[in-house]
Amino acid sequence: MKKFRLVILTLLISFSVTSCFEDRDDNLVFTNDVKDFIWKGMNEFYIFGNDLPDLRNDRFGINGEDNRYDSTPEYLNYLSGFSSPETIFDALVFDAGNTDRFSILFPDLFEALELFNGTTETNGLRFSAFPVPGSSDEVYAIVRLVLNGSSGDLAGIERNMFITGVDGITLTTTNFSDLLTQDIATFNFADYNNNNTETFDDDILTPNGQSITVSKEIFTDNPVHRVEVIVEDNETIGYLMYNSFRGNFETELNQAFATFQAANIEHLVLDLRYNGGGSILTATRLANMITGQFNGQPYAKNINGPNRQDENTTFNFIDTIDGGAATNSLGLDKVYVLTTNSSASASELTINSLRPYIEVVQIGTNTSGKTTSNRLVFDSPDFGTSQVTSAHTYALFPLTGNVSNVNDLLVPTIGLGPNILFEESRTNFGTLGDPEEPLLERAIADITGSGRFINNATHSVFEELKSKKLKKPLDGYMYFK
């Protein structure tokens, strides 16, 4: 079975051994136990532990690191000062929303584990939203990704379809995120007309009468989204769209590289444009599939927070996937990577950590700029999956480290800039894996030396509208696994 399913089974066994949740006559005792776990977990792992006075080892009259988990009246009084686990967690996040945008408190650890498997309630649709030209508040959305086999896919929704309304209600700046993310939604589609000009100001969206109703369902996404072998000008090119670094689909990832091996590809285009990150170990295995000639050499380094410096980790190129099967390695000395600002964490690690070893040609726009890692922390004697308490289901997912390449270079906070600047067009996303899809076409042109391209940054005044509701779960996260 896949590793995370084994983790869930281990947790279930741990919970069943201690029977069901303990009865708590005194709810204050219960909440203090959870708050105690949160403080100890954050103290143990948090990368910004020294930046918060309340997390320092000597904060509560306790004598340094060795005795930092001793209880004192001051410490117990501190815990009681918070009304809930959520309030103490919020108080222990450093510069929340700015310096730290990625630490999470999960009330339900089982739900969290399912997220790591890629299992969520979803219709499988991902959108980009923009202001309608000439309107002060109307919005249109473009379908940028449809997960294979999802309810949205089965209903017939495709990438590059334009939406101007949901359930007959026009999308606006105030309602678009709520309408697009409903559990059941009837999407109202439109045709886009650019008036044969390069500017957006005179573009027109005309409702075309087409509507499709889609419901969210529990769904597990295979991040190996598209695998193609393309032959252009006698060059054999492998194309892989990979949307998340997840250990439970490493077999499928490895099979994609078996396809490339069988085709004797000479070039690889790795499409990470919507890949928000994931497992560091899976990223390390992907690196060995691309190369193969560096097995055992250092690939990436994870530098932990102040109380876990003795567990700083070097991840080496590894020639097996989870479960022990050998990686199908291509032995390449050059790779093309497609990126947008949605390319984050483990995607950025892949570019940053491959560059000391092979040539990486990045095409697209700047990546997100997240070099930090997270770890899932349980309420157990060693904060791992053994002997997890049965008293509650809270789990921590704090920022715990910084990940560099072999040369100690971190991903800059502004992201990794492309070698070839090329933006996705908001009027024509193209078909993923099609040689004429704009970003892939640009990579093929560089590989074959055919045609002349100029950087196509539009710098439009119509910036994409952002909303947390439109982000998929765990986007932007890179975790120690």
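The largest cavity holds about 240 Å³ of space. A cavity here is a set of points, on a 1 Å grid over the protein atoms alone, where a 1.4 Å probe fits but cannot get out; points are joined across faces, edges and corners, and a volume is the space filled by probe spheres set on them. This is a predicted model, where local features need pLDDT of at least 70, side-chain atom pairs count only at pLDDT 80 or more, and totals for chains, interfaces and linings use all residues. Residues are numbered from 1 along each chain as its sequence is written, and side-chain values use heavy atoms, with hydrogens and water left out.

**Cavities**
- The structure has two cavities of 30 Å³ or more.
- Lining the largest cavity are 20 residues (each with an atom within 4 Å of a point), and G118, S244, R246, K472 and P473 lie nearest its centre.
- Helix 5 and strand 2 each give two or more residues to that lining (DSSP runs numbered from the N terminus: helices H or I, at least four residues; strands E, at least two).
- The second largest cavity, of about 70 Å³, is lined by F45, N302, N304, R308, E311, R375, T400 and F480.

**Largest pocket**
- About 1600 Å³ of space lies in the largest pocket (an open set with protein on both sides within 12 Å along at least five of seven lines).
- Its lining has 46 residues, with S342, K466, S467, K471 and D475 closest to the centre.
- Strand 3 gives the largest share of this lining, four residues.
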